[in-house]
Each structure stands twice: as structure tokens, then as C-alpha cells.
Amino acid sequence: MTDFEKKVTMDPSGFVVLADVVPSVIQEIRYYSTYNFIGDRIDGYEEPCALITKEAARALKAVSGEANAQGFRLKVFDAYRPACAVRHFVLWGIEDLDLRMKPFFYPGLEKHELFSRGYIAKRSGHSRGSTIDLTLFDMKTGREVDMGSPFDMFSEISHPGSRAVTEEQYENRMFLQKIMVRGGFQPLDCEWWHFTLEDEPYPDTYFEFPVSAAYLRR
């Protein structure tokens, strides 16, 4: 057994269903659907719900309150991601023939570059349970806020500081980043949607249990 395998656990006791703590959250769990960079439902996603550590959920409740006060809701694409889902990503990366979703998510890159450039990790912080992928939803317009590139667009245009977007799109990214950082989260330099709780409770532990509210509540 490797050192990494020793750090993988099925224990969900430190996790909650995000919507139980933040009822206003909107969820579009992409890896439960087939609309993602692979084109299939990802291993381990048994329900279209966001699970997250209790500590990250409490922090997001404060962020949500600030967003709501300014006319926005949080919209979540992914939160806790089982280690088996990451293995699914890696195995897909080895299969050179599967390029179904390339035009939509990585038009300017080869598959192997998604790993070498840091867009997909062989061990994801999402599997530690305190990382979240999200955007803002404008309650006035009834639409997602325009961030200049869609979720999981693997391109330099998705880097938070990219100036290849309009000034308004850039300001939208900076507003999201500002309220997330104020809530205790750290951004990622290549994905405007990705944030990790700075004081994450399980910095050295990876989890394997399925994305399933029923699993947490059994």
C-alpha cells in the first residue's frame, strides 16, 4: 500500500450536504451529468448534489449571505470529488481516441496538456473536501454572471487575471474572488471558478465515498 492509499478513507462524518447549510445555493453538478469535458457521468457521482466539509460549508454560508445582499446567489458546479472520480479523469487522459468534448472544453490543447498545465490533477484538492467550483447567479436577470469563459474551459482565458476578457467580465471575476477570499477561501491561478478553504480541516486526507446525500445520512 502506498502512502497515498493510506490517506484515503470512506469516512463521511466530517461532511454535510451543502444545500442543508446554504439553502439558497443553486446546483448544476456537471460530473453527475454528461455535459463535462469527458462526456460521461463521472465515477462516484451517484446524486446531483454538492457535498463539502462542515468547515467549508460554514464559510460558504457567510459568502452566500454577502452575495445575496448584493443581488446574487452562488451557483455550484462541483465540490467534494471522490478519489475514484480523479482516477476516471486520469484513465480518460490515457485514452487518446476519446476527443468527443474537445471542441467545447479544450479546443486549443491536447489531452496530455490538461495535466501538464495543471488544469487536471492526478490528486485533486477536491478529494480533500474543502474545494469548490462555483460562479454567481444574478437574481435580477435570472442568468449566470458573465465571467468571460464557461466552467471547465481549459484555456488561458479562464485564468482569473486574464485580460483577454472584457473589463466587465474581469470585474465580475474579481468580485467573486473578493467575496470568496473574504470568506476564507484561496483562488487558483488557472481557473476563475476554483477555490479552496484556506484552513481546510483535512489537508492530508483524501476521501473515496460517493457523492450521495443518502450516503451521508444513512
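Phenylalanine F175 is found in helix 7. Please bear in mind throughout that this is a predicted model.

Is F175 buried or exposed? Its relative accessible area is 15%, and because the limit for a buried residue is under 20%, F175 counts as buried. Which residues does F175 touch, leaving aside those up to four places away in sequence? They are Q70, F72 and L136. A further distance concerns A67: the C-alpha atoms of F175 and A67 are separated by 9.6 Å, although the two residues lie 108 residues apart along the chain.

The backbone of D152 deserves a remark. Most residues other than glycine have a negative phi. D152 is not a glycine, yet its phi is positive, at about 65°. D152 is also buried, with a relative accessible area of 3%.

Finally, the cysteines. How many disulfides are there, if a pair of cysteine sulfur atoms must lie within 2.5 Å? The count comes to 0. C84 is in no disulfide, and the nearest cysteine sulfur, which belongs to C49, is 14 Å away. Since a disulfide requires the two sulfur atoms to be within 2.5 Å, the sulfur of C49, at 14 Å, does not qualify as a partner for C84. As for accessibility, C84 counts as buried at 17%, and C190 counts as buried at 6%.

Key
Residues are numbered from 1 along each chain as its sequence is written. This is a predicted model: local features need pLDDT of at least 70, side-chain atom pairs count only at pLDDT 80 or more; totals for chains, interfaces and linings use all residues. Side-chain values use heavy atoms; hydrogens and water are left out. Buried means under 20% relative accessible area, exposed over 50%, partly exposed in between (1.4 Å probe, protein chains only). Helices (H or I, at least four residues) and strands (E, at least two) are DSSP runs, numbered from the N terminus. Contact means heavy atoms within 4.5 Å.
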